[in-house]
Amino acid sequence: MRGERYWEIDVARGTAVVTMIIFHSAFDLNFFGVLPLSVSGGFLRMLAYLTASTFIFIVGVSFTISYARAARRLTRRDLALKYVRRGLSIFGYGLIITAVTWLFLPSTYVVFGILHFIGVAILLAPLFARLKPTDLILASIACILAGYATNAVPGPWPLLWLGIHPESFASLDYVPLLPWFGLVLAGMAFGALYYPEGRRGFALRTAEPAFARPFSLLGRHSLFIYFLHQPLILLLIAVLAPGAVPVFG
(Lines give C-alpha, C1' and ligand atoms only; values in the text may rest on other atoms or scores of the structure.)
Protein backbone atom coordinates (compact mmCIF):
# COMPACT_ATOMS: atom_id res chain seq x y z
CA MET A 1 0.00 0.00 0.00
CA ARG A 2 2.83 2.41 0.83
CA GLY A 3 4.12 2.65 -2.74
CA GLU A 4 0.87 2.03 -4.64
CA ARG A 5 -0.03 4.64 -7.22
CA TYR A 6 -3.37 5.22 -8.88
CA TRP A 7 -2.97 5.59 -12.60
CA GLU A 8 -5.97 7.88 -12.98
CA ILE A 9 -4.30 10.49 -10.76
CA ASP A 10 -1.02 10.22 -12.67
CA VAL A 11 -2.92 10.58 -15.95
CA ALA A 12 -4.70 13.72 -14.73
CA ARG A 13 -1.36 15.19 -13.62
CA GLY A 14 0.29 14.13 -16.88
CA THR A 15 -2.45 15.82 -18.89
CA ALA A 16 -1.77 19.00 -16.94
CA VAL A 17 1.94 18.62 -17.80
CA VAL A 18 1.03 18.60 -21.50
CA THR A 19 -1.16 21.70 -21.24
CA MET A 20 1.59 23.39 -19.18
CA ILE A 21 4.12 22.78 -21.95
CA ILE A 22 1.66 24.08 -24.55
CA PHE A 23 0.99 27.28 -22.61
CA HIS A 24 4.63 27.94 -21.73
CA SER A 25 5.65 27.39 -25.35
CA ALA A 26 3.07 29.95 -26.47
CA PHE A 27 4.09 32.33 -23.69
CA ASP A 28 7.77 32.13 -24.58
CA LEU A 29 7.10 32.59 -28.30
CA ASN A 30 5.13 35.72 -27.50
CA PHE A 31 7.56 36.94 -24.83
CA PHE A 32 10.50 36.77 -27.21
CA GLY A 33 8.58 38.31 -30.08
CA VAL A 34 8.67 35.20 -32.28
CA LEU A 35 4.88 34.93 -32.64
CA PRO A 36 2.28 37.53 -31.60
CA LEU A 37 0.11 35.30 -29.40
CA SER A 38 -2.46 36.52 -26.89
CA VAL A 39 -1.42 34.87 -23.63
CA SER A 40 -3.05 37.36 -21.26
CA GLY A 41 -6.59 36.55 -22.36
CA GLY A 42 -8.76 34.21 -24.34
CA PHE A 43 -8.09 30.51 -24.82
CA LEU A 44 -4.46 30.52 -23.71
CA ARG A 45 -5.22 32.33 -20.47
CA MET A 46 -8.03 29.88 -19.73
CA LEU A 47 -5.62 27.03 -20.50
CA ALA A 48 -3.15 28.46 -17.98
CA TYR A 49 -5.82 28.66 -15.26
CA LEU A 50 -7.05 25.15 -16.04
CA THR A 51 -3.51 23.78 -15.86
CA ALA A 52 -2.70 25.46 -12.54
CA SER A 53 -6.08 24.44 -11.11
CA THR A 54 -5.53 20.80 -12.08
CA PHE A 55 -2.07 20.65 -10.51
CA ILE A 56 -3.26 22.32 -7.32
CA PHE A 57 -6.42 20.21 -6.98
CA ILE A 58 -4.32 17.05 -7.38
CA VAL A 59 -2.00 18.30 -4.62
CA GLY A 60 -4.98 18.05 -2.28
CA VAL A 61 -6.08 14.63 -3.55
CA SER A 62 -2.57 13.19 -3.36
CA PHE A 63 -1.99 14.66 0.09
CA THR A 64 -5.11 12.97 1.46
CA ILE A 65 -4.03 9.57 0.12
CA SER A 66 -0.45 10.01 1.33
CA TYR A 67 -1.48 11.28 4.76
CA ALA A 68 -3.93 8.42 5.36
CA ARG A 69 -1.27 5.84 4.52
CA ALA A 70 1.49 7.55 6.49
CA ALA A 71 -0.71 8.00 9.57
CA ARG A 72 -1.03 4.21 9.88
CA ARG A 73 2.73 3.60 10.12
CA LEU A 74 4.27 6.77 11.59
CA THR A 75 4.19 8.36 15.01
CA ARG A 76 2.58 11.77 15.26
CA ARG A 77 6.00 13.43 15.41
CA ASP A 78 7.33 11.57 12.36
CA LEU A 79 4.11 12.26 10.50
CA ALA A 80 4.49 15.99 11.12
CA LEU A 81 8.18 15.93 10.14
CA LYS A 82 7.37 14.10 6.89
CA TYR A 83 5.26 16.98 5.60
CA VAL A 84 7.49 19.68 7.03
CA ARG A 85 10.40 18.20 5.08
CA ARG A 86 8.29 17.75 1.96
CA GLY A 87 6.85 21.25 2.09
CA LEU A 88 10.21 22.91 2.71
CA SER A 89 11.82 20.84 -0.04
CA ILE A 90 9.32 21.98 -2.66
CA PHE A 91 9.48 25.56 -1.38
CA GLY A 92 13.26 25.31 -1.81
CA TYR A 93 12.76 24.32 -5.44
CA GLY A 94 10.63 27.43 -5.77
CA LEU A 95 13.50 29.52 -4.44
CA ILE A 96 15.69 28.12 -7.21
CA ILE A 97 13.13 29.40 -9.72
CA THR A 98 13.18 32.77 -7.95
CA ALA A 99 16.98 32.97 -8.15
CA VAL A 100 17.15 31.99 -11.83
CA THR A 101 14.38 34.36 -12.94
CA TRP A 102 15.80 37.20 -10.82
CA LEU A 103 19.16 36.70 -12.52
CA PHE A 104 17.83 36.73 -16.07
CA LEU A 105 14.55 38.67 -15.81
CA PRO A 106 14.82 40.95 -12.77
CA SER A 107 11.78 43.07 -13.68
CA THR A 108 9.34 40.12 -13.68
CA TYR A 109 11.07 37.44 -11.60
CA VAL A 110 9.03 34.82 -9.78
CA VAL A 111 8.45 35.77 -6.14
CA PHE A 112 5.71 33.36 -5.05
CA GLY A 113 5.01 30.98 -7.90
CA ILE A 114 3.38 27.58 -8.03
CA LEU A 115 6.26 25.70 -6.35
CA HIS A 116 6.40 28.22 -3.49
CA PHE A 117 2.65 27.83 -3.14
CA ILE A 118 2.69 24.02 -3.18
CA GLY A 119 5.45 24.00 -0.56
CA VAL A 120 3.43 26.21 1.79
CA ALA A 121 0.23 24.29 1.02
CA ILE A 122 1.86 21.01 2.06
CA LEU A 123 3.02 22.63 5.30
CA LEU A 124 -0.55 23.78 6.03
CA ALA A 125 -2.51 20.76 4.78
CA PRO A 126 -1.91 18.56 7.87
CA LEU A 127 -3.77 21.15 9.95
CA PHE A 128 -6.91 20.34 7.93
CA ALA A 129 -6.35 16.59 7.50
CA ARG A 130 -8.85 15.49 10.14
CA LEU A 131 -11.72 17.67 8.90
CA LYS A 132 -14.76 16.01 7.36
CA PRO A 133 -15.32 16.50 3.61
CA THR A 134 -18.20 18.92 4.22
CA ASP A 135 -15.99 21.05 6.48
CA LEU A 136 -13.19 20.98 3.89
CA ILE A 137 -15.63 22.21 1.24
CA LEU A 138 -16.77 25.05 3.50
CA ALA A 139 -13.15 25.98 4.21
CA SER A 140 -12.44 25.82 0.47
CA ILE A 141 -15.27 28.22 -0.33
CA ALA A 142 -14.08 30.57 2.43
CA CYS A 143 -10.54 30.61 0.98
CA ILE A 144 -11.80 31.32 -2.52
CA LEU A 145 -14.08 34.13 -1.39
CA ALA A 146 -11.31 35.59 0.77
CA GLY A 147 -9.03 35.46 -2.27
CA TYR A 148 -11.36 37.62 -4.31
CA ALA A 149 -11.36 40.15 -1.47
CA THR A 150 -7.62 40.22 -0.78
CA ASN A 151 -6.59 40.28 -4.44
CA ALA A 152 -8.58 43.49 -4.90
CA VAL A 153 -6.70 45.24 -2.08
CA PRO A 154 -3.23 46.69 -2.79
CA GLY A 155 -0.70 46.26 -0.03
CA PRO A 156 2.97 45.83 0.89
CA TRP A 157 5.36 43.25 -0.55
CA PRO A 158 5.54 41.11 2.62
CA LEU A 159 1.90 40.10 2.05
CA LEU A 160 2.49 38.79 -1.47
CA TRP A 161 2.21 35.18 -0.31
CA LEU A 162 -1.31 35.88 0.96
CA GLY A 163 -2.59 37.54 -2.21
CA ILE A 164 -2.09 41.21 -1.29
CA HIS A 165 0.49 43.06 -3.37
CA PRO A 166 1.49 46.53 -4.59
CA GLU A 167 -0.33 47.85 -7.65
CA SER A 168 2.95 47.89 -9.58
CA PHE A 169 3.68 44.22 -8.88
CA ALA A 170 4.47 42.01 -11.88
CA SER A 171 5.69 38.41 -11.97
CA LEU A 172 6.03 35.63 -14.51
CA ASP A 173 4.27 33.25 -12.11
CA TYR A 174 2.15 34.25 -9.13
CA VAL A 175 0.07 31.77 -7.11
CA PRO A 176 -0.88 33.29 -3.73
CA LEU A 177 -2.30 31.31 -0.85
CA LEU A 178 -5.67 32.99 -1.31
CA PRO A 179 -7.67 31.91 -3.24
CA TRP A 180 -5.59 28.94 -4.45
CA PHE A 181 -5.40 27.06 -1.14
CA GLY A 182 -9.15 26.67 -1.53
CA LEU A 183 -8.49 24.29 -4.43
CA VAL A 184 -6.12 22.23 -2.27
CA LEU A 185 -8.88 21.89 0.32
CA ALA A 186 -11.36 20.92 -2.40
CA GLY A 187 -8.90 18.27 -3.56
CA MET A 188 -8.57 17.01 0.01
CA ALA A 189 -12.36 16.72 0.25
CA PHE A 190 -12.42 14.81 -3.04
CA GLY A 191 -9.66 12.52 -1.77
CA ALA A 192 -11.47 11.84 1.48
CA LEU A 193 -14.67 10.97 -0.38
CA TYR A 194 -13.27 8.90 -3.24
CA TYR A 195 -10.02 7.56 -1.75
CA PRO A 196 -11.00 6.91 1.89
CA GLU A 197 -8.12 5.75 4.07
CA GLY A 198 -5.86 6.06 1.03
CA ARG A 199 -7.71 3.37 -0.94
CA ARG A 200 -9.66 3.79 -4.16
CA GLY A 201 -13.30 3.85 -3.10
CA PHE A 202 -14.92 3.40 -6.51
CA ALA A 203 -14.92 0.79 -9.25
CA LEU A 204 -12.28 1.28 -11.93
CA ARG A 205 -10.25 -1.12 -14.01
CA THR A 206 -7.05 -1.86 -12.11
CA ALA A 207 -4.87 -2.20 -15.20
CA GLU A 208 -3.79 1.05 -16.77
CA PRO A 209 -5.11 1.36 -20.37
CA ALA A 210 -2.46 1.62 -23.07
CA PHE A 211 -3.54 5.08 -24.26
CA ALA A 212 -3.05 6.48 -20.76
CA ARG A 213 0.53 5.28 -20.25
CA PRO A 214 2.33 8.26 -21.84
CA PHE A 215 0.30 10.68 -19.71
CA SER A 216 0.83 8.56 -16.62
CA LEU A 217 4.59 8.60 -17.23
CA LEU A 218 4.57 12.39 -17.48
CA GLY A 219 2.49 12.61 -14.31
CA ARG A 220 4.91 10.47 -12.33
CA HIS A 221 7.79 12.79 -13.25
CA SER A 222 5.99 16.14 -13.27
CA LEU A 223 8.46 17.97 -11.00
CA PHE A 224 11.46 16.92 -13.10
CA ILE A 225 9.64 17.94 -16.28
CA TYR A 226 8.68 21.27 -14.72
CA PHE A 227 12.37 22.14 -14.28
CA LEU A 228 13.45 20.72 -17.63
CA HIS A 229 10.82 21.93 -20.08
CA GLN A 230 11.48 25.68 -19.96
CA PRO A 231 15.23 25.44 -20.72
CA LEU A 232 14.39 23.12 -23.63
CA ILE A 233 11.77 25.51 -25.00
CA LEU A 234 14.19 28.43 -24.70
CA LEU A 235 16.93 26.40 -26.38
CA LEU A 236 14.63 25.66 -29.31
CA ILE A 237 13.74 29.35 -29.61
CA ALA A 238 17.43 30.26 -29.52
CA VAL A 239 18.14 27.78 -32.33
CA LEU A 240 15.12 28.61 -34.49
CA ALA A 241 15.01 32.37 -33.83
CA PRO A 242 18.54 33.41 -32.76
CA GLY A 243 17.73 37.13 -32.82
CA ALA A 244 14.73 36.88 -30.46
CA VAL A 245 14.73 39.21 -27.48
CA PRO A 246 12.19 39.69 -24.66
CA VAL A 247 9.29 42.00 -25.48
CA PHE A 248 7.90 43.84 -22.46
CA GLY A 249 4.60 45.64 -22.21
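**Figure 1. Arginine 77 and aspartate 78 in the predicted model.** Aspartate 78 counts as partly exposed, at 33% relative accessibility, whereas arginine 77, at 60%, counts as exposed. Here buried means under 20% relative accessible area, exposed means over 50%, and partly exposed lies in between (1.4 Å probe, protein chains only). The two side chains meet in a salt bridge with an N to O distance of 3.6 Å. A salt bridge is a side-chain nitrogen of Lys or Arg within 4 Å of a carboxyl oxygen of Asp or Glu. This is a predicted model, in which local features need pLDDT of at least 70 and side-chain atom pairs count only at pLDDT 80 or more, while totals for chains, interfaces and linings use all residues. Residues are numbered from 1 along each chain as its sequence is written, and side-chain values use heavy atoms, with hydrogens and water left out.

**Figure 2. The salt bridge between aspartate 10 and arginine 13.** The side chains of aspartate 10 and arginine 13 meet at 3.0 Å, N to O. Because they are three residues apart in helix α1, about one helical turn separates them. Helices (H or I, at least four residues) and strands (E, at least two) are DSSP runs, numbered from the N terminus. Aspartate 10 is buried, with a relative accessible area of 3%, and arginine 13 also counts as buried, at 13% relative accessibility. Salt bridges with shared partners join Arg5, Asp10 and Arg13 into one network.

**Figure 3. The salt bridge between glutamate 8 and arginine 200.** These side chains meet at 2.8 Å, N to O. The pair links distant parts of the chain, 192 residues apart: glutamate 8 lies in helix α1 and arginine 200 in the loop between α6 and α7 (213–220). Glutamate 8 is buried, with a relative accessible area of 16%. The whole structure contains five salt bridges.

**Figure 4. The largest nonpolar core.** A nonpolar core is a set of buried Ala, Val, Leu, Ile, Met, Phe, Trp, Tyr and Cys residues joined through side-chain atoms within 4.5 Å. Among the 38 residues of the largest one, Ile114, Phe117, Phe181 and Val184 touch the most other members. Helix α6 gives the most to this core, with eight residues.

**Figure 5. Surroundings of valine 184.** Valine 184 is placed in helix α6 and is buried, with a relative accessible area of 1%. Leaving aside neighbours within four places in sequence, valine 184 is in contact with Ile56, Val59, Gly60, Phe117 and Ala121; contact means heavy atoms within 4.5 Å.
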